[in-house]
Amino acid sequence: MRILVSGAALLALCASVASAEINVSQDEQDYMEELYLHFHSNPELSLYEFETAARMAEEFAAAGYEVTSEVGGTGVVGVLRNGEGPTVMIRGDMDGLPVKELTRVPYASTVTTVDEQGRTVPVMHACGHDIHITNLIGVARKLVSMQDSWSGTVVLVAQPAEERGLGARAMIEDGLFKRFPRPDYNLGLHVTANLPAGQAGYKPEFAMANVDSVDITVHGTGGHGAAPHLTHDPIVLSSYIVTALQTLVARNLNPIDQGVVTVGSIHGGTKHNIISDRVDLQLTVRSYSDENRALLLEGISRIARAQALAMGLPEDRLPEVTVKNEYTPALYNDPDLSNRLAGVLRAELGDANVELSKPVMGGEDFARFGRTEERIPGFYFWLGAADPDQYARAESRGLKLPATHSPFFLPSYEKTLETGVRVMTAAALELLAKT
């Protein structure tokens, strides 16, 4: 007897099989939730993730991984070899942000610390990195429990300083791809309030932007506010520079490409009737391609210098333009790998719970893992973290829930953790499947 099964029914059958294979037990769920609450209540700033790193090393070792600490600073690497096969790297970032948590939940962070400038600042996991590292441990334990189902090598990376764009580079420079098995694939995820918990999103090709921080020091000749003809006013000059910078995207960038040049800070002067001799500008510059990044950065210097020359400043008083070291390259998801693993997400969560996302202009230094000389294929996807009921109410009213970096950002951690472990484990198993 032949039984005909519709495409929709077959998809549902595949999804149910995948869900049955990757089931998060109550004990596993309880363990992750307790761990998440610990991480959430005890955040640490970039480059100072000492206690978090120690706990990650402890958890990796307890799960059965070979552990190496202090990779690129506070980075931790765990390696599990399970026979012949590909090597899959799975990354989670550890750092919190200098944000005062205002969620008022019982487990809210009350941590304060002294930052590199000597200021006492609050600390919060406002970007969901506590979910990321808890998920990493959940996946690590799940892969150990399913070792009969796969073959190859898993490399876990607990990465510092993502918020400053420094951690991935530091780990690579410290031999991440030389001291440890070189990945054939890199996997990562990020929580988002733009999707409810239980859903996921992905974007092949460019998914996130090049992000540069640029400082401009505008020099002038100070003097009395009543005698501007005897000065070179840096505040007026800065105003022309800020306005002219907007032409870079509007008139220099190809209209079908995307870019952002934002002056986020401008400081100069001390009093009503004093023309100062200096103004400081701070910019964020965002693009996708390396060519457009170079175009925007060159254009900033050109415009700043040209405006100063037009005002009559001598060559030795032209603005100083400094591109900061905390640069994050654009995140590019390998198209073939993305489409392959998108099928895994759909099989695990159901078609309706996986969306093809739009690219964003935010930055993510996970991108560096794919920009080594070998160009390792990577897949980085979005994990829904919003409470489903709150998300539905907000949607019905045309509102948005507090997003990452907000003091009110609050993942629905129970469902988010369960979903994250299922889909990341499924993705790893797809790549590590026995042949």
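**The model**

Please keep in mind throughout that this is a predicted model.

**First stop: helices α2 and α4**

Select residues 26–41, which form helix α2, together with residues 129–145, which form helix α4. Two packed helices are described by the angle between their axes and the distance between the axes. Here the angle is about 150°, and the axes lie 9 Å apart. Angles over 145 degrees count as roughly antiparallel, and α2 and α4 are therefore roughly antiparallel to each other. Their crossing is right-handed.

Next, display the side chains where the two helices meet. On the α2 side, select Glu-28, Tyr-31, Met-32, Leu-35, Tyr-36, Phe-39 and His-40. Their counterparts in α4 include Ile-131, Ile-133, Thr-134, Ile-137 and Arg-141. Which classes of residue make up the contact of α2 with α4? Eight are nonpolar, four are polar and four are charged.

**Second stop: the sheet of eight strands**

Now turn to the open sheet whose eight strands follow the order β1-β2-β6-β3-β7-β18-β8-β17, with mixed pairing. To find its edges, select residues 66–71 for β1 and 354–356 for β17; each of these strands pairs on one side only. From one strand to the next, the twist averages 25°.

Another open sheet has the strand order β12-β14-β10-β15, and its pairing is antiparallel. Its edge strands are β12 (259–268) and β15 (320–323), each of which pairs on one side only. The twist averages 20° from one strand to the next.

Select β12 with β14 (residues 278–287): the two pair in the antiparallel sense over nine bridges. Within this pair, Gly-268 stands opposite Val-279 in β14.

Helix α8 (residues 290–311) lies across β10, β12, β14 and β15, running at about 165° to β14.

Select Ser-238, which lies in helix α7. Is Ser-238 buried or exposed? At 0% relative accessibility, Ser-238 counts as buried. Beyond its neighbours within four places in sequence, Ser-238 is in contact with Val-218, Ile-266, Val-279 and Leu-281.

**Last stop: Ile-22**

Finally, select Ile-22, in the loop between α1 (7–21) and α2. With a relative accessibility of 3%, Ile-22 counts as buried. Display Glu-348 as well: 326 residues separate Ile-22 from Glu-348 in sequence, yet their C-alpha atoms are 8.6 Å apart in space. Neighbours within four places in sequence aside, the contacts of Ile-22 include Met-146, Glu-348, Val-421 and Leu-429.

Conventions:
Residues numbered from 1 in each chain as written. Predicted model: local features only at pLDDT ≥ 70, side-chain atom pairs only at ≥ 80, totals over all residues. Heavy atoms only, no water. Axes fitted to C-alpha atoms, helices over the stretch in contact; angles between N-to-C directions. Helix = DSSP H or I, 4+ residues; strand = E, 2+ residues; numbered from the N terminus. Parallel < 35°, antiparallel > 145°, perpendicular 65-115°, else oblique. Left-handed = near helix turned anticlockwise from the far one by under 90°. Contact = heavy atoms within 4.5 Å. Nonpolar A, V, L, I, M, F, W, Y, C, P; charged D, E, K, R; others polar. Pairing = 2+ DSSP bridges. Buried < 20%, exposed > 50% of the residue type's maximum accessible area, 1.4 Å probe, protein only.
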